[in-house]
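Here are a few friendly notes to read alongside the model. Take the points in order and look up each residue as you go.

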Amino acid sequence: MGTERKRKVSLFDVVDNNSTAKMVKTNSGLTVNNFINRWNRKPYSQRYYEILEKRKTLPVWHQKQDFLQVLKDNQILILVGETGSGKTTQIPQFVLEAVDLEIPDKRRKMMVACTQPRRVAALSISRRVAEEMDVSIGEEVGYSIRFEDCSSAKTGLKYVTDGMLLREAMTDPLLERYKVIILDEAHERTLATDLLFGLLKEILKNRPDLKLVVMSATLEAEKFKSYLFWSPPL
């Protein structure tokens, strides 16, 4: 992997004065009013704006533009942020806004996956993110845990347990359904997480279009960096 892909992002406050009321361009090139939900084409509810004000107070929100630029320029990101900074709920939404999930000449679209080491977390966080995005759980935002898959053809963001993503890899070795994979809580180092690291390291070599975001709350990010960017001596 080239040196241009080796970037680590640390979370710190940077003021973002972007207004929420403006015209925006979607990935499909359509310009829509920001009062209309781009995901389901419905007007935003009052609850959405109430939650939005709380989201803006999270540390990760203030570094949104910096993150998106690094995501654009690199295939692999290692992001460090303290618990409570908003990584788990906000980063997947930032990614979803930035990438084009449409596949030309095909009915299905790709997805963004965010892994969680525990099934309860995958379930509860997906419901929270669906509420923040003002969409229905199981449609634009879904989850996949053992014995339960709550997603559909509309799903763009899916929270999954590490084990379920490994299970998907058995039938889809290159994980071609996904445009971006976010490994959350990587510092917990479960067996499934470690297996995913090894699997994704090989997949990334064969899929230059796939992006990987590794999120951790500890300085073990240096270990992740040395592993993911390691190459054998000539």
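**Notes on the predicted model**

1. Let's start with a cluster of rings: Phe 35, Tyr 44, Tyr 48 and Tyr 49 are linked by ring pairs. Please keep in mind that this is a predicted model.

2. Now for the rings in pairs. How many aromatic pairs does a search of the whole structure find? The search gives five. One of them joins Phe 35 and Tyr 49, with 6.3 Å from centre to centre and 55° between the planes, and it is tilted. This pair links distant parts of the chain, since Phe 35 sits in the loop between β3 and α1 while Tyr 49 belongs to helix α1, 14 residues apart. Phe 35 is partly exposed because its relative accessible area is 44%, which falls between the 20% and 50% cut-offs. Tyr 49 is also partly exposed, at 23% relative accessibility.

3. Trp 61 and Phe 94 make an edge-to-face pair, 5.9 Å centre to centre with 65° between the planes. Trp 61 is in the loop between α1 and α2 (64-73) and Phe 94 is in helix α3 (residues 87-98), so the pair ties together parts 33 residues apart in sequence. Are these two residues buried or exposed? Both Trp 61 and Phe 94 are buried.

4. Next, look at how two helices meet. The axes of α1 and helix α4 (residues 119-133) come within 8 Å and cross at roughly 110°. That angle makes α1 roughly perpendicular to α4, because 65 to 115 degrees counts as roughly perpendicular. On the α1 side the contact involves Arg 47, Tyr 48, Ile 51 and Arg 55, and on the α4 side Arg 128, Glu 131, Glu 132 and Met 133. The residues of this contact divide into three nonpolar, no polar and five charged.

5. Two backbone spots deserve a second look. Most residues other than glycine have a negative phi. Arg 41, however, is not a glycine and has a positive phi of about 60°. Arg 41 lies in the loop between β3 (31-33) and α1 (46-55), and at 44% relative accessibility it counts as partly exposed. Glu 185 also has a positive phi, near 55°, and its place is in the loop between β9 (178-183) and α6 (191-206).

6. Finally, step back to the whole chain. The protein chain has seven helices and ten strands, and 46% of its 234 residues count as buried. Its accessible surface comes to about 12,200 Å², with 54% belonging to carbon and sulfur atoms. Among contacts between residues at least 6 apart in sequence, 69% join residues at least 24 apart.

Conventions
Residues are numbered from 1 along each chain as its sequence is written. This is a predicted model: local features need pLDDT of at least 70, side-chain atom pairs count only at pLDDT 80 or more; totals for chains, interfaces and linings use all residues. Side-chain values use heavy atoms; hydrogens and water are left out. Helices (H or I, at least four residues) and strands (E, at least two) are DSSP runs, numbered from the N terminus. Buried means under 20% relative accessible area, exposed over 50%, partly exposed in between (1.4 Å probe, protein chains only). Axes are lines fitted to C-alpha atoms, for helices over the stretch in contact, and angles run from 0 to 180 degrees between N-to-C directions. Angles under 35 degrees count as roughly parallel, over 145 as roughly antiparallel, 65 to 115 as roughly perpendicular and the rest as oblique. Contact means heavy atoms within 4.5 Å. Ala, Val, Leu, Ile, Met, Phe, Trp, Tyr, Cys and Pro count as nonpolar, Asp, Glu, Lys and Arg as charged, and the others, Gly among them, as polar. Accessible areas come from the Shrake-Rupley method with a 1.4 Å probe; for residues, only the protein chains shown count as cover. Rings of Phe, Tyr and Trp (its six-membered ring) pair if their centres lie within 6.5 Å; planes under 30 degrees apart count as stacked, over 60 as edge-to-face and the rest as tilted.
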